[in-house]
Amino acid sequence: MNILGLNAYHGDSAACLIRDGQLVAAAEEERFRRIKHWAGLPTYSIDYCLAEGGLSLVDVEHISINRKPGVNNWRRLAFVLTRRPDPRLMFQKIRNIRRASSAHEALEKRYGISLKAQVHHVEHHLAHLASAFLVSRFDEAACISIDGFGDFASTAMGFGRSRAVSIDERVYFPHSLGIFYSALTQFIGFPHYGDEYKVMGLAPYGKPEFLAQMRQIVRIQPDDGTFRLALKYFRHHTDNVSYSWNNCAPEVGMLYTERLIDLLGPPRKSGEPLEQKHKDIAYSVQAMYEEAFFALLQALHKRYPSPNLALSGGCAMNSVANGKVYLRTPFKKMYLPAAAGDAGGAIGGASYVWSMIANGKPRLHLDSAYSGPAFSDREIEKLIESKKQQILDAGCAIRKIDNEKELCQRTATAIANAKVVGWFQGRMERGPRALGNSSILCDPRRDDMKDILNARIKRRESFRPFAPSILREAVSGWFEQDDDVPFMMQVFQIRLEKRALVPAVCHVDGSGRLQTVHADTNPLYHQLISEFSRLTSIPLVLNTSFNENEPVVCRPEEALDRLLLTKMNLLVL
Ligand SMILES: [Fe+2]
């Protein structure tokens with residue numbers, strides 16, 4: 001039984017293929033198209049997933065789409081009658097719903113076939129909840145999705161047990177923590193779709209000077225732990241805030257009103273210097289988000305006093321808040337998917353459909369993120385052969401190493417010698433993070449590594465931290481909390497006595513956004529870090545995504561181009 005899961009006509013379009021309860025393939029469209037957050041019909045990802053499964057689209061029995069036109073219609077109607085929004089906003093919403101509901105027609109047109117598959121529209125947040133709970137190893141868990149918007153809701157709470165997951169409370173449009181964070185991200189001068197992580201990285205440089213103002217913007221509801229936005233500060237519910245796709249890269253119009261400027265003073269324009277005030281606003285935004293986040297989680301736990309939490313939605317990418325869940329709530333264990341945002345809705349919808357048709361067969365479990373394209377040694381050899389002269393002209397030498405132990409030893413030695421190493425191995429990761437298969441690796445011990453990386457390759461804002469990949473078995477010795485964090489979705493404090501040993505991966509507040517590396521899910525990467533640990537007594541490396549302000553590399557050609565165009569020292573394919 002083949003289920004093709006889609007997130008289409010939405011940021012981070014993606015596809016996956018589930019066959020008889022196993023994930024065959026999953027990937028985001030942006031990697032193939034080379035445009036960040038690409039939104040549209042993800043035909044390249046569909047083609048990849050079908051090829052990986054040896055199928056054509058006509059063979060697929062079920063297709064899931066993580067939108068359900070018509071859901072929450074009474075709420076939509078009540079909103080229109082009471083708020084009377086700009087007709088253009090209404091038109092935009094209706095067009096969006098129509099697109100989502102006609103995805104199967106678009107597929108038929110694009111592939112020139114008549115689909116045999118049954119098409120399932122799964123409510124946006126149900127797909128988010130499913131993308132966490134239904135692929136976790138929990139028998140039961142409290143579930144929550146915290147997001148921008150999808151199907152007229154921003155937040156959904158529910159419970160998962162065995163093969164079932166359901167929603168029983170929602171926060172509806174126009175109230176949204178995602179919109180709050182995005183609007184303030186724009187205010188601080190980061191205008192692009194998906195820039196919120198920059199505010200999270202900037203926050204530790206500030207103080208809570210604007211927290212009182214933030215509490216005027218976001219009102220936590222003491223009765224049920226949910227929240228409301230003070231709508232006078234926002235435009236998304238009255239004006240036609242454009243969500244345009246420039247060449248299918250999402251662009252968002254201004255989300256805040258003049259009233260926010262009255263409250264906080266003039267906004268920073270993109271490119272202007274970052275002053276202490278901007279850092280203080282960033283700190284206060286993050287602190288406000290955490291207040292609202294923990295109020296939601298406390299309310300959720302009160303309703304479902306399970307030790308387990310399944311967490312997803314775009315806001316679940318806030319790894320700083322996620323890292324405090326065990327410290328500030330009664331939850332003892334959580335599962336976050338590798339793609340917590342909308343790309344994960346492809347797997348969420350498909351796993352939801354599988355749970356309905358599985359007839360007692362087991363759920364799928366996703367312990368690793370390696371579900372994308374891989375390339376054979378033969379393909380890589382052919383590529384190197386074809387580019388040999390260019391490689392030699394760039395002053396590079398080519399070595400073929402057949403022995404994995406030697407490969408790891410030599411690579412670990414290069415890292416320990418302050419080289420910037422491209423590491424392109426195995427199947428590409430799904431989700432936004434490079435997790436040791438499409439990574440750039442460096443020595444975490446060097447104080448200047450961050451500057452070297454930024455100057456040579458990454459060219460990103462100097463305040464943003466780099467992250468460590470650490471052997472799973474070493475976590476408790478290096479971090480103040482101990483957990484599986486395979487998808488780099490939690491930030492923990494590095495132990496005080498260890499911070500000076502790894503300055504390149506220690507943020508200004510002593511935290512690190514760790515990835516735990518497990519011998520059973522990525523043996524080669526585990527072996528590499530083990531070799532580095534043998535050489536240096538440090539069981540972690542600096543891991544940053546293999547890219548330069550573009551989607552993470554997908555094909556070996558792109559990895560090789562990075563070597564030739566940047567000042568990377570070594571590429572291991
Ligand atoms: Fe979403």
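The questions below go from the whole chain down to single residues.

Guide: This is a predicted model, where local features need pLDDT of at least 70, side-chain atom pairs count only at pLDDT 80 or more, and totals for chains, interfaces and linings use all residues. Residues are numbered from 1 along each chain as its sequence is written, and side-chain values use heavy atoms, with hydrogens and water left out.

Visitor: How many helices and strands does the chain have?

Guide: Helices (H or I, at least four residues) and strands (E, at least two) are DSSP runs, numbered from the N terminus. By that count the chain has 21 helices and 21 strands.

Visitor: What is the radius of gyration of the chain, and does it agree or disagree with a compact globule?

Guide: The radius is taken over C-alpha atoms, and the globule rule is 2.2 Å times the number of residues to the power 0.38. For 573 residues a compact globule would come near 25 Å, which agrees with the value for this chain, 23 Å.

Visitor: What percentage of the residues count as buried?

Guide: Buried means under 20% relative accessible area, exposed over 50%, and partly exposed in between (1.4 Å probe, protein chains only). Of the 573 residues, the buried share is 60%.

Visitor: What share of the contacts joins residues 24 or more positions apart?

Guide: Contact means heavy atoms within 4.5 Å. Among contacts in the chain with a separation of 6 or more, the share is 72%.

Visitor: Which residues are in contact with Ser355?

Guide: Ser355 lies in helix 14. Ser355 has a relative accessible area of 14%, so it is buried. Leaving aside neighbours within four places in sequence, its contacts are Leu134 and Arg163.

Visitor: Are the rings of Phe375 and Phe424 stacked, edge-to-face or tilted?

Guide: Rings of Phe, Tyr and Trp (its six-membered ring) pair if their centres lie within 6.5 Å; planes under 30 degrees apart count as stacked, over 60 as edge-to-face and the rest as tilted. The chain has 11 aromatic pairs by this rule. In this one the centres are 6.2 Å apart and the planes at 35 degrees, so the pair is tilted.

Visitor: How many residues apart in sequence are the parts that this pair ties together?

Guide: Phe424, at 5% relative accessibility, is buried, whereas Phe375 is partly exposed at 24%. Phe375 lies in the loop between helix 14 (345-357) and helix 15 (377-386), and Phe424 in strand 15 (residues 421-424), so the parts tied together are apart by 49 residues.

Visitor: Which residues do ring pairs link into a cluster?

Guide: The cluster is made by ring pairs. Its members are Tyr181, Tyr289, Phe293 and Phe294.

Visitor: What covers the buried residues of helix 21?

Guide: Helix 21 spans residues 556-565, and its buried residues include Pro556, Leu560 and Leu563. Their cover includes helix 15, helix 16 (388-393), strand 15 and strand 21 (570-572).

Visitor: Which residues does a cis peptide bond join?

Guide: Most peptide bonds are trans. Here omega is about 10 degrees. Pro174 lies in the loop between strand 8 (164-172) and helix 7 (177-187). The cis bond joins Phe173 and Pro174.

Visitor: What is phi of Asn359, and what is phi of Ser537?

Guide: Most residues other than glycine have a negative phi. Asn359 sits in the loop between helix 14 and helix 15 and is exposed at 75%. Ser537 sits in the loop between helix 20 (523-536) and strand 20 (540-545) and is exposed at 59%. Phi is positive for Asn359, near 55 degrees, and for Ser537, near 65 degrees.
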